[in-house]
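User: I am new to this structure and would like to learn how to read its features one at a time. Could you guide me through a few of them?

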Amino acid sequence: MMSGVTAALVRREVGRLASGRVLLAGGLFALLFLLIAAISIAADLMLNGDPSERAAAVLIAGYRGTSGYDAVVFMFVLYLGVSQVGADTRAGTIFGILARPVSRARLFVTGWATSCLTILLLEVLRSGPIMGCAAWIEGRVHLLSLLGVLALWLGPVAMLSGFAALGAVIPSAYAVLVGLGAVIIAGLAYSEVLGGFGASLVNAVSWFLPLLSNQHPLIDAAIQGSVHDSGPILEVIAYRACWTLLLLFVGVYGFSRRDLAPRV
Amino acid sequence: MDPGSRRSLGFLPEVFAFDRFSTGRTLLRRFDALSGQGLHGREQRVEVALQAVDLESAAENRVGSYSKGMTQRIGLAQALLGDPEILILDEPMSGMDPSTRLAVRDILIGRRERGKTTLFSTHILTDVEAVADSVLILDRGRVVAEGALDTFGSEAVGSTIVFQDETADRFDSFLLEMAVKREPIAGSSGLQRIIVADPMAQDRILANLAGNGAHIVSVSRARPSLETVFLRVTSRGEVE
């Protein structure tokens, strides 16, 4: 059961998220985006879909038709991750909390967990209707599809941990720049866009980064049920979970070591 | 630092902020929970803290709508929650109106009488004189003076000798020789005051006055005002 201190921290985080206008506006935008995408996908399936393949078509069209939603989720990840410690430090609200018998690790993990639930809620808003529709049409849920969805959800969670770790050790503006740089480098790693020394450099730097984008074909295949072996998707899940935990640990360690003092 | 060691600590920094979306009462409930206090007695502890800073009427308003003085008071209330053994306050009375300041002084005096420790920093020296037992003066990050308030700074000034003599001017050449000055006490009949910094000189002066028939009324350690000591021991005094 959650202790009184953790419960108070969670309630505070929820209050903070709920009172933020940026998040409220972002949430409404996300809902609007999904609504428009849903109408478009539904119309497309009704007009062109083959009834015998409709469940698979829902999954394919559902995720492809909402691929832009990844950008919306990414904006949330960026904002929530970087501002988790940064907003409190900038406002000075962190000192009142740290003056209490609350460890920095607990404060960080609680904030991360609340942000994580927010991101997962956004993902459920997309995946819930798509998976629900497919399951309703077919009358069953495929385990591989569920594993694919889990792998998909772990991507933003790993990125959230990375941005939160950066925001815990350096000022928010730098955390945004470094985080975006890391995302770009990870996206370019082992691609054919770059060549020569640039490619070698990017590939070398990417050893220290989670390479999430290369796994999308595997995740898509698992969600659509076009593969029958669960090994690769379990490997993707393990990879993303390990990065999440590692980055969470880095965030906790970095935040615990950070020199913080009230302004005088 | 072990977070548990902060269980009996209350703290208010000079520059602080609280979650603007919370009401005053919600904020105090949260801080009470963060202190590791159970639900039992929470409402009472919150009420006591609100009463102490006279914020009961605004307890249901959002902290974001508070004036500077009210924010300072809710800050003090969260530090006072549960009457902590040790209270650390940085400029606690800045932004407060005179009546609230007096009320806060009373709170701190009350804590002192209950044997609780309060460590507070301030530039308002009259507050220190009203509240503190011990004083420490920092100048550019260095401790330049410390001690009990009763005797604070008396070493820097020395003793005050009060004597009575109708023809006190006969001592002037001797006093000049001892590098001290006689001041008649206004409104008295022949009472004179001498401030002596050097203890050796004090003995010689007393012997001379008494030996020549002057009546020694009192010899006391002089305690100058904190302001005087502050100016004396810090570089600000040199500038002035």
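User: Which helix of chain B lies across E1 and E2 of chain B, and at what angle does this helix run to E1(B)?

Analyst: Bear in mind that the model is predicted. The helix is H3 of chain B, residues 68-80, and its direction is at about 165° to that of E1(B).

User: What is the order of the strands in the open sheet of chain B, and which strands stand at the edges?

Analyst: The three strands follow the order E1-E2-E3 with parallel pairing. Strands E1 (9-12) and E3 (117-121) of chain B each have a single partner strand, so one side of each is left without a neighbour in the sheet. On average, and ignoring direction, neighbouring strands are turned by 10° against each other.

User: How many bridges join E1(B) to E2(B)?

Analyst: Four bridges join E1(B) to E2(B), the latter being residues 86-90, and Leu9(B) stands opposite Ile86(B) in E2(B).

User: Is Ala33(B) buried or exposed?

Analyst: A residue counts as buried when 20 or more other C-beta atoms lie within 10 Å of its own. Ala33(B), which belongs to helix H1 (residues 24-34) of chain B, is buried because it has 22 such neighbours. Apart from neighbours within four places in sequence, Ala33(B) is in contact with Gly4(A), Val5(A) and Ala8(A).

User: How many residues of chain A are in contact with chain B, and which element gives the most to that side?

Analyst: In chain A, 21 residues are in contact with 23 residues of chain B, and H1(A) gives the most to the side of chain A, with seven residues. That side divides into 10 nonpolar, seven polar and four charged residues.

Definitions and conventions:
Residues numbered from 1 in each chain as written. Chains lettered and ligands numbered in written order. Predicted model: local features only at pLDDT ≥ 70, side-chain atom pairs only at ≥ 80, totals over all residues. Helix = DSSP H or I, 4+ residues; strand = E, 2+ residues; numbered from the N terminus. Buried ≥ 20, exposed ≤ 12 C-beta atoms within 10 Å, placed from the backbone. Contact = placed C-beta atoms within 7 Å. Nonpolar A, V, L, I, M, F, W, Y, C, P; charged D, E, K, R; others polar. Pairing = 2+ DSSP bridges. Axes fitted to C-alpha atoms, helices over the stretch in contact; angles between N-to-C directions.
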